Amino acid sequence: MSYATEAGDALLVASRALVGVAARSLAGVGDVTLPQFRVLVLVSSRDRTTVSDLAAALGVHSTSASRLCDRLVRKRLLQRREAAEDRRQTDLFVTAAGRRLVSRVTQRRRRDLAAIAERMGEAAAADAVRVLRAFAAAAEEALQEADLFGWETADR
């Protein structure tokens with residue numbers, strides 16, 4: 001078995017565990033799906049976002065992104081506003097309730113992931129940090145997204 005196949009298999013199993021943590025973190029915080037939560041995080045992480053920007057970031061058609069936004073607007077977690085300089089453009093903003101939800105869910109995830117890392121032991125957790133940073137870089141995932149909303153970074 002090649003190293004890439006073995007790594008792919010290990011990452012597949014780890015991704016199932018991570019999806020489980022992500023799903024559990026949303027339990028009891030309202031009727032928000034994982035894709036809807038991803039929208040809230042993406043919109044929160046940018047100074048300015050339109051539905052087209054969101055669709056590109058999610059890799060979906062703009063009508064799909066618009067429907068996701070519609071659901072979040074109805075839940076009062078997202079707002080649409082006409083851009084001041086171009087009224088044909090509509091910008092997306094996370095509401096205060098949406099920001100609180102993102103913060104609460106992220107705190108749960110951080111707590112649950114820290115508990116898992118604790119069970120791994122210090123050496124394995126340090127290896128995981130190095131490997132997961134390399135993985136995120138190879139996947140071109142923005143590492144700064146973890147630092148949104150003024151969360152404490154000292155405990156990392």
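This is a predicted model: local features need pLDDT of at least 70, side-chain atom pairs count only at pLDDT 80 or more; totals for chains, interfaces and linings use all residues.

Analyst: The protein chain has six helices and two strands. If you read along the sequence, the elements come in the order α-α-α-α-β-β-α-α. Along its principal axes, the C-alpha trace spans about 55 × 30 × 25 Å.

Now let's turn to helix α2, which covers residues 34-44. One of its partners is helix α3, residues 51-58. The two pack at an angle of about 115°, and their axes are 11 Å apart. Their crossing is right-handed. Which residues make this contact? On the α2 side they are R38, V39, L42 and V43, while α3 brings L54, A57 and L58. Sorted by class, that contact has six nonpolar residues, one charged residue and no polar ones.

Helix α2 also packs against helix α4, which runs over residues 62-74. Here the angle is about 85° and the axes lie 10 Å apart. Angles of 65 to 115 degrees count as roughly perpendicular, so α2 and α4 are roughly perpendicular to each other. From α2, the residues P35, Q36, V39 and L40 meet L68, R71 and L72 of α4. By class, this contact holds five nonpolar residues, one polar and one charged.

Next, let's follow another pair of helices. Helix α1 (residues 3-26) packs with helix α5 (residues 96-120) at an angle of about 140°, with 9 Å between their axes. That angle makes α1 oblique to α5. The crossing of this pair is right-handed. From α1, the contact uses L18, V21, A22, R24, S25 and L26; from α5, it uses V105, R108, R109, D112, L113 and I116. Grouped by class, the residues in contact are seven nonpolar, one polar and four charged.

Finally, a word on aromatic rings. How many aromatic pairs does the structure hold? The count is zero.

How values were computed: Residues are numbered from 1 along each chain as its sequence is written. Side-chain values use heavy atoms; hydrogens and water are left out. Axes are lines fitted to C-alpha atoms, for helices over the stretch in contact, and angles run from 0 to 180 degrees between N-to-C directions. Helices (H or I, at least four residues) and strands (E, at least two) are DSSP runs, numbered from the N terminus. A crossing is left-handed if the near helix is turned anticlockwise from the far one by less than a right angle, and right-handed if clockwise. Contact means heavy atoms within 4.5 Å. Ala, Val, Leu, Ile, Met, Phe, Trp, Tyr, Cys and Pro count as nonpolar, Asp, Glu, Lys and Arg as charged, and the others, Gly among them, as polar. Angles under 35 degrees count as roughly parallel, over 145 as roughly antiparallel, 65 to 115 as roughly perpendicular and the rest as oblique. Rings of Phe, Tyr and Trp (its six-membered ring) pair if their centres lie within 6.5 Å; planes under 30 degrees apart count as stacked, over 60 as edge-to-face and the rest as tilted.
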